[in-house]
Amino acid sequence: MAHKKGQGSSRNGRDSQGQRRGVKVYGGEVAKAGNILVRQVGTRVHPGTNVGRGRDFTLFAKIDGIVRYERVGKDRRRVSVYPPPPQPQQPPAG
């Protein structure tokens with residue numbers, strides 16, 4: 001038996017790409033309709049008001065608005081998108 005390893009290929013060197021999961025839009029930020037809010041495995045964060053859930057548990061905004069993360073009960077989190085508050089009208093200058 002030879003004690004020196006031949007010119008074989010290395011046995012390591014294989015790795016998969018990261019899956020880019022996590023929160024994409026944080027609380028207080030503005031989201032447009034269709035924006036992805038959270039990519040996740042399972043429902044770590046549940047969909048709330050104006051938020052949809054994709055087949056792979058991705059949460060996305062259904063309307064343009066401001067993102068808010070909320071607690072529901074003791075151990076559940078929810079993300080909602082609320083329309084921005086109306087801005088007061090400025091009187092025309094003149």
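Q: What share of the contacts in the chain with a separation of 6 or more comes from residues 24 or more positions apart?
A: The model is predicted, and in it such residues account for 42% of those contacts. A contact here requires heavy atoms within 4.5 Å.

Q: Why is Ala93 called exposed?
A: The label exposed needs a relative accessible area over 50%. Ala93 has 85%, so it is exposed. Ala93 is found in the segment after β8 (76–82). Its C-alpha atom is separated by 53 Å from that of Gln19, 74 residues apart along the chain.

Q: How many of the residues of the chain count as buried, as a percentage?
A: Of the 94 residues, 21% count as buried, the cut-off being under 20% relative accessible area. The chain exposes about 8000 Å², and carbon and sulfur atoms supply 49% of that area.

Q: How does the radius of gyration of the chain stand against that of a compact globule of 94 residues?
A: The globule rule is 2.2 Å times the number of residues to the power 0.38. For 94 residues a compact globule would have a value near 12 Å, but the chain has 23 Å. The C-alpha atoms fill a box of roughly 95 × 40 × 20 Å along the principal axes.

Q: What secondary structure elements does the chain contain?
A: There are 0 helices and 8 strands.

Q: What makes β3 and β6 a pair?
A: Pairing needs at least two bridges between the strands. Strand β3 (residues 36–39) and strand β6 (residues 59–61) are joined by 2 bridges, so they pair, and they run antiparallel. Ile36 stands opposite Phe60 in β6. Both strands belong to an open sheet of 4 strands in the order β1-β3-β6-β5.

Q: Which strands pair with β8, and in which sense?
A: Strand β4 (residues 45–47) pairs with β8 in the parallel sense over 3 bridges, and Val45 has Arg77 as its bridge partner. Strand β7 (residues 65–72) is joined to β8 by 7 bridges and runs antiparallel to it, with Val67 opposite Val81.

Methods: Residues numbered from 1 in each chain as written. Predicted model: local features only at pLDDT ≥ 70, side-chain atom pairs only at ≥ 80, totals over all residues. Heavy atoms only, no water. Buried < 20%, exposed > 50% of the residue type's maximum accessible area, 1.4 Å probe, protein only. Areas by Shrake-Rupley, 256 points an atom, 1.4 Å probe, with all protein chains shown as cover.
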